[in-house]
Amino acid sequence: DLALSFNGTVDASDYPHNLSANIEQLSWQLQGADLPPQGINGQGHLQTQWLEEKKQLSFSQINLTANDSSFSGQAHVSLLEKPEWAVDLKFGQLNLDNLLVQHDAAATAKGDVQQGQSQSTLARPVIASQVDAVSYQGLKGFSADIALQADKVLWRKMAFENVSAKIDNQFGLLNIAQLQGKSDGGLISLPGTLDARKGEPRAVLHPRLEGVEIGTILKAFDYPIALTGKLSLAGDFSGSDIDAQAFRHSWQGQAHVEMNDTRMEGMNFQQMIQQAVERSGGDVKSQQNLDNVTRLDHFVTDMTLDNGEVTLDNMAGESAMLALTGEGTLDLVKQNCDTLFNIRVLGGWDGESKLISFLKATPVPLRVYGQWQSLNYSLQVDQLLRKHLQDEAKRRLNDWADRNKDSRNGKDVKKLLDKL
């Protein structure tokens, strides 16, 4: 339902060749299905003009609001057999959370749970929701050249600044030449294409992130992973629908990921290994540390996305306390993981000993697996300590055999060691 009111003046002195109007005191309100509960309303003013020979309708000096968003600029459309649009708009603030309703849902092992920002909204009529329409087919009916700028954008409660976009549509081939902005001191760029000219649409995106806070992104999409840090990413992804639910379920792609100053709450890798060594009878002590956080100064990995499953290869990270490598998988739909790390604990030991030196130099296997909200882990410290004791015993026997190499016992011990 659209309610519209305005005052204005119309110049018809050159009609039908030229017809222009100055629209003032414009107020409007839009309510209905798939809109926010409060609807969308605004006010403002603009000028319009119709040129008969060009079949062109122009909008200039646009100055409008939509809820708490505001924009200005100009646009025109040539009403040919397939309309041709040109749009240039600037937004002071664009609050998409008050203009769009998210319909994301991510499946879990127990069923579907709502993901992302949800709002109570009026549902579509049943007959409309049953129409099996192919996505983005409307793009085939027109061409467009669109330039957008925004000082501030709010989407899924993420704040962006200095957002700019350059988009053109050629009758179903949508090219996003530029779509970028700043967030949390970092830069996000999301160029790509959407080809809707054939039966099944295909979207290809090339995300580039530089120093963006990953905790903000995880919270925006309701992923229960207690991870923070500055994320940089360069990747290429493809799928059929451009939305978060489709990305989780049916997209594919690869990316190289780097993170700085990361914190993973709820699991202290260093502390877990040191306590396991102490429980296993290792003659070492660790410094008291009650902070249940794993910190890494730098972390890198190569990720592959395939229909909801993320494979992490070539993981490597380091800090003053530990260094790790590893690999693993994440299931975005079931929200579980299975990762294997090899960790060297470099700091936090109390004193120095041969065993501590051995542990600093030797990777300890650590498996982390299960649901994201209740992770499990297993350590293989006993086997590592047993190997260390065996190696130490061999070294001492070998030293004794070298000192007694001319005796019968020395020769026998040497032969035995060679067989082990």
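Among contacts in the chain between residues at least 6 apart in sequence, what share joins residues at least 24 apart? The share is 50%. Keep in mind that this is a predicted model.

**Whole chain.** Start by selecting everything and colouring by secondary structure. The chain has seven helices and 23 strands. Of its 420 residues, 37% count as buried. Switch to a surface view next: the chain exposes about 23,600 Å², and carbon and sulfur atoms supply 52% of that area.

**The core.** Now hide the surface and select Phe 269, Val 277, Met 303, Leu 324 and Ile 343. These belong to the largest nonpolar core, which has 81 residues, and they are the ones that touch the most other members. In soluble globular proteins, nonpolar side chains tend to be buried together.

Centre the view on Phe 269. Leaving aside residues up to four places away in sequence, Phe 269 touches Met 264, Thr 294, Leu 322, Leu 324, Phe 341, Ile 343, Leu 366 and Val 368.

**Strand E17.** Select residues 252-265, which form strand E17, and find Thr 262 within the strand. Is Thr 262 buried or exposed? Thr 262 counts as buried because its relative accessibility is 6%, and the cut-off for buried is under 20%. Its contacts, again without residues up to four places away in sequence, are Thr 228, Gly 229, Thr 294, Arg 295 and Leu 296.

**Strand E1.** Finish at residues 2-14, strand E1, where Leu 2 is placed. Leu 2 has a relative accessible area of 57%, so this residue is exposed.

Terms used. Residues are numbered from 1 along each chain as its sequence is written. This is a predicted model: local features need pLDDT of at least 70, side-chain atom pairs count only at pLDDT 80 or more; totals for chains, interfaces and linings use all residues. Side-chain values use heavy atoms; hydrogens and water are left out. Helices (H or I, at least four residues) and strands (E, at least two) are DSSP runs, numbered from the N terminus. Buried means under 20% relative accessible area, exposed over 50%, partly exposed in between (1.4 Å probe, protein chains only). Contact means heavy atoms within 4.5 Å. Accessible areas come from the Shrake-Rupley method with a 1.4 Å probe; for residues, only the protein chains shown count as cover. A nonpolar core is a set of buried Ala, Val, Leu, Ile, Met, Phe, Trp, Tyr and Cys residues joined through side-chain atoms within 4.5 Å.
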